[in-house]
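Here is a friendly briefing to read alongside the model. Please keep the viewer open as you go through the points.

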Amino acid sequence: MGIIRNLARNLTVIRPSLTRNNHKIIMSRQLHASRTDGVDKNVWVEFTQLAADYKAVNLGQGFPDFSPPKFIQEAFCKAVSGGPIMHQYTRAFGHPPLVKSLAKFFSRVVGHEIDPLEDVLVSVGAYQSLFCAFQAVVDEGDEVIIVEPFFDCYQPMVKMAGGKAVYVPLRPKVEGSAVLSSGDWVLSAEELASKVTPRTKAIVINTPNNPLGKVYKTEELQMIADLCIKHDVLCISDEVYEWLTYDGAKHVKIASLPGMWERTITVGSAGKTFSATGWKVGWAISSGHIIKHMKTIHQNSVYHCATAAQEAVAQGFEREYEVFGTPESYFQQLPALLHHKRKKLASCLESVGLQPIMPEGGYFMIADISSVKVDYKDQSTKDEPNDFRFVKWLTKEKGLATIPVSAFYSPEHSKEFDRYIRFCFVKEDSTLDAAEDILRKWSQGQAQRNHQQARANPEVNKLHVLERVKMSNDAAIKRPKIVSSQPDERVDWKKRKAEIKEARKQRKESKLIKQLEKQKEQEAAERAKLEQSQSKKGRAYTVSVALPGSVLDNAQSPELRTYLAGQIARACVVFCVDEIVVFDEQGEDVKSVDGEFKGVGKKGHACIQLARILQYLECPQYLRKWFFPKHQDLQYAGLLNPLDSPHHMRIDDESEYREGIVLERPSKPGQGSLVNCGMRKDVRIDKQLQSGLRVTVQLNKRQNQESRLYKGVVVAPHVPRTEGGLYWGYSVRLASCLSAVFTESPYEEGYDVTVGTSERGSNMDQTTLSPFKHLLVVFGGLQGLEASVDADQNLDVTDPGVLFDLYLNTCPGQGSRTIRTEEAILVTMSGLRQKITAAFSDVSNGLLKS
C-alpha cells in the first residue's frame with residue numbers, strides 16, 4: 001500500500017496539469033484543435049443510429065440494398081484469389097491498371113487525353129478525394145462558393161482547411177407555383193456572380209445533385225465556367241452519380257468545356273458507378289499541376305487504398321469501355337432499372353398526399369411535406385427545424401427512416417427549405433413495398449381521424465358536404481351532355497347491320513392494300529440494296545505508315561517542327577494512307593504511350609507533339625473546337641497548310657457521308673441523338689450515343705427540305721472507304737518502341753505485308769506486290785531503322801531486314817542524309833502506288849474479299 005501511495009504522489013508531481021473529475025482525467029488546457037469547432041455534428045451519424053435503434057425501413061442512407069452486377073463481383077473474387085501481390089501495397093496514388101483504365105475511359109468522355117500517372121488520384125471513396133481537394137487548394141482566408149443543396153461534408157472540409165464557405169442556393173423557377181421536377185430548380189447567374197470576390201478560390205458543384213437530383217444543363221455549366229475563367233477560380237465538381245440520369249437528361253462534365261480542364265477537379269466514385277459503396281474506391285481527375293498537390297495530402301494521410309478493390313474496379317471499367325453505349329453496358333442497365341424504382345416511389349408518395357420533386361438523376365427524391373399536419377408529441381425536438389422533427393417522428397412512430405433536406409443547406413438558407421424530406425429509391429422492390437405499406441397505413445389512419453372529427457363536429461361536416469356537392473355540380477356543368485339529334489326516330493337495325501358489314505369489308509380491303517404496298521416497298525429496298533452492293537466502288541485493303549517521332553528533331557524551332565509535321569500529314573493524305581503510327585526510336589518506355597499527350601519543346605516529347613499535330617490536321621475544321629482545346633503543341637497550327645481531305649467538307653458540300661459530333665441535346669426515348677456534321681442543319685441519327693463522341697454519319701439519300709433536321713445513320717469509320725470508294729482520312733497510333741508497331745496492330749490478323757525502308761535494302765524498282773489486306777510501310781529516323789532495332793529490348797535481332805517481308809531502298813543512289821523523312825514518304829508511296837494498283841488489277845472493282 002505504501003508503494004501505491006508513493007506512486008500516486010509521484011504522479012501528481014509529474015503531471016500537475018492533470019485534474020481528476022468524476023473519475024475522468026482531463027487536460028486543463030484545450031484538448032481539441034479549434035478547426036474542429038462546430039463540425040462535430042453529422043446528420044448521417046445521428047439519423048443512421050436513429051434508424052438502427054428503431055429498426056426502421058431505411059430509405060434514408062444512399063446505398064443500394066441489392067448486389068453489384070455479377071461481372072464486378074467476379075472481378076473482385078478473381079482479384080482476391082490472384083496471388084500474394086493482390087494482398088499487398090500497390091502504387092500509392094492508384095493501382096496502375098485502374099488509373100490506366102480511368103484515363104482511357106474518361107479521355108473520350110472529356111475530349112482531352114488524360115495522363116494516367118499525372119492526372120488521376122485514386123482515393124478511399126469520393127469522400128477522401130474531396131478532402132484532398134480542399135486541403136490541397138484552400139488556404140487560410142480563402143472563400144469557397146458552395147451551390148446549395150450540397151453534400152454536407154463540403155462545409156466542414158472547407159472550414160478545416162482554413163477557408164470560408166459562401167453559399168448560393170438553387171431555387172424553384174417561379175415562386176408559389178407547383179414544382180414538379182428537379183429541372184425546375186435553377187441557379188441565378190446574378191446571385192452567383194455577386195458572391196465572387198478577390199478572395200474566392202473555388203466554386204463547388206454537385207451534378208447530378210444530392211439530394212435534389214438536378215442535372216446541370218450545358219448552358220448552366222457554361223455560365224459557371226465563364227465565371228471561373230474570368231476570375232481565375234477553380235471548380236470542384238462532385239460527379240459521383242454521373243451515369244444515373246433519367247427522362248432524357250444528359251450529364252455533361254464541366255471539365256469538357258473550353259478552358260475548364262486546367263481548372264477543374266472532377267470527383268468520381270466506383271461505389272456509385274458499380275453499386276458497391278462498401279468498397280470505398282473513388283478518384284479525382286484533373287490537370288497534373290493540380291493533382292500533384294492533392295497527392296501530397298494523400299501521401300501524408302491515407303497513403304494507399306485497397307489493392308484488390310482497385311483491381312476489380314479496373315476490370316469493371318475495361319468491360320464498360322468495350323460495351324459502352326450498348327444495351328450490355330451496366331451504365332445503361334442501372335439507370336433503366338432505377339427509372340422504374342423512381343416512378344414506383346413517386347407514385348406511392350403522391351397517393352398519400354405528398355408532393356414529390358421528380359429527380360433528373362441520382363439516387364434520391366425529395367418530397368414536399370408542407371401539406372401534412374402532424375401532432376409532434378416529442379418535446380425534445382421542439383426547437384429543431386420542421387423537417388428534422390418530421391423525420392424523427394416518422395422514424396420513431398411509423399418505422400420509416402428518411403433524411404431532412406435542410407441538413408443540405410447553410411444556416412442562412414435552411415429555413416427556406418425545411419418543408420422537404422429526402423427518400424432513397426435505390427432499393428429492392430421489397431424495401432420500397434415495405435415503405436409504401438407504412439405510408440399507406442399512416443395515410444388511411446389520418447383519413448379515418450379526419451372522418452371521426454367531422455362526425456364529432458356536425459357544422460364542419462355540413463360545410464364539407466356542401467363543398468363536395470358544389471364541386472360535383474361544377475363538374476356536371478363542365479361535362480358535355482350526349483343527346484340524340486332525333487330522339488323519336490327508330491333505328492333500322494337491318495340497315496345498320498349492313499352498314500357495319502360494309503365498313504368491315506372496306507377495312508379489310510384497306511388493310512390488304514397497305515400490306516401489298518409494304519411488300520412492294522420491301523422488294524424495292526432489297527433491289528436497291530442489291531444494286532448498291534453490285535455497284536460498290538470501295539477498297540477493302542488498308543495502307544499504314546510508321547515513323548519515329550524523332551524526325552521532328554530535324555527542325556531547329558517550334559515553328560519548323562509544326563510545319564514539318566504538317567508536311568508529313570500532307571504526304572500521307574496525298575497517297576491515301578489509312579493509319580499513321582508514331583513510335584519511340586529510343587524504346588525508353590516499356591509501356592504503351594497511347595494517348596499520353598503532353599509537353600512540347602525542342603527536347604520535349606517529339607512523339608507526342610507529332611501525333612497531336614497529325615490528329616489535329618486529320619480532324620475536319622468544324623469539329624476541331626470540340627476535340628482540340630488550346631494547347632502549347634498547337635500554338636503554331638496557323639502555319640499549317642490545310643489537308644483538304646475528302647472528309648473535310650464545306651458547309652454546303654453534298655456528300656453521302658459526313659463526320660460529326662454527338663450533341664448534348666435531350667431526345668425522346670426511341671429517338672436517336674443529334675449530331676453536328678458541319679451543315680446548316682443538325683442530323684438526327686438512328687442511335688442514342690454518348691454526347692461528345694466523334695461519329696461517321698451516312699445521310700439518307702432523300703431528305704425533307706422543310707424539316708429542321710436532316711436524317712442519317714451511324715456507320716463504322718471504314719464504310720466510306722470500303723463501300724463508297726472515298727478516302728476518309730487516317731487514324732493515329734502511338735507505339736512505345738519499334739516492336740510495338742507490329743504487336744499492337746489494330747487489325748485482328750495483323751499486317752499481312754510489311755515493308756521496311758533503308759539505303760541498305762533492295763531496289764524497289766525490281767519489286768512486285770501480291771494482293772494484301774493490310775500493308776505496313778516503316779521509315780527510320782536520322783540513324784535509320786538499325787538504331788530503332790538496337791534500342792528495342794524486345795528484339796533479339798541486329799539486322800532490321802529480318803523483321804519485314806520486303807526491305808527496300810526506295811531512293812537508290814541517295815543516302816538518308818540527303819532524303820528527309822517527309823520526302824522519303826512521298827518518294828516511297830509514289831513508287832508503291834503503282835505496285836499496289838498492279839497487285840489489285842485482276843480483282844474486280846479493285847476489291848479484295850475479306
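The notes below cover the sheet, its helices, the nonpolar cores, a helix pair and some backbone details.

This is a predicted model, in which local features need pLDDT of at least 70, side-chain atom pairs count only at pLDDT 80 or more, and totals for chains, interfaces and linings use all residues. Residues are numbered from 1 along each chain as its sequence is written, and side-chain values use heavy atoms, with hydrogens and water left out. Helices (H or I, at least four residues) and strands (E, at least two) are DSSP runs, numbered from the N terminus.

**The sheet**

- Seven strands form an open sheet with mixed pairing, in the order S4-S12-S11-S10-S9-S5-S6; two strands pair if DSSP finds at least two bridges between them.
- Strand S4 (120–124) and strand S6 (164–169) are the edges, each pairing on one side only.
- On average, and with direction ignored, neighbouring strands of this sheet are turned by 20° against each other; axes are lines fitted to C-alpha atoms, for helices over the stretch in contact, and angles run from 0 to 180 degrees between N-to-C directions.
- Strand S5 (residues 143–148) and strand S9 (residues 200–206) run parallel and are joined by four bridges.
- Within S9, Val 204 is the residue that stands opposite Ile 146.

**Helices on the sheet**

- Helix H5 (residues 125–137) lies across S4, S5, S9, strand S10 (234–238), strand S11 (264–269) and strand S12 (281–285), and runs at about 120° to S4.
- Helix H8 (residues 218–231) also packs on the sheet, where it touches S9 and S10; contact means heavy atoms within 4.5 Å. The direction of H8 makes about 165° with that of S9.

**Nonpolar cores**

- A nonpolar core is a set of buried Ala, Val, Leu, Ile, Met, Phe, Trp, Tyr and Cys residues joined through side-chain atoms within 4.5 Å. Buried means under 20% relative accessible area, exposed over 50%, and partly exposed in between (1.4 Å probe, protein chains only).
- The largest nonpolar core has 137 residues, and Phe 106, Phe 134, Ile 224 and Phe 390 have the most contacts inside it.
- Leaving aside residues up to four places away in sequence, Ile 224 touches Leu 187, Leu 192, Ile 203, Ile 205, Tyr 216 and Ile 254.
- A second, separate core of 59 residues includes Tyr 541, Cys 572, Val 577 and Leu 709.

**A helix pair**

- Helix H3 (residues 70–80) packs with helix H11 (residues 307–323) at an angle of about 140°, and their axes are 8 Å apart. That makes H3 oblique to H11: angles under 35 degrees count as roughly parallel, over 145 as roughly antiparallel, 65 to 115 as roughly perpendicular and the rest as oblique.
- Residues making this contact include Phe 71, Ile 72 and Phe 76 of H3, and Ala 308, Val 313 and Arg 319 of H11.

**Backbone details**

- Most residues other than glycine have a negative phi, and most peptide bonds are trans.
- Glu 148 to Pro 149 is a cis peptide bond with omega near -5°, and Pro 149 sits in the loop between S5 and helix H6 (154–160).
- Thr 207 and Pro 208 are also joined by a cis peptide bond, with omega about -10°; Pro 208 is in the loop between S9 and H8.
- Asp 247 has a positive phi near 55° and belongs to the loop between S10 and S11. Asp 247 counts as exposed, at 57% relative accessibility.
- Ser 275 has a positive phi near 60° and lies in the loop between helix H9 (270–273) and S12. Ser 275 is buried, with a relative accessible area of 5%.
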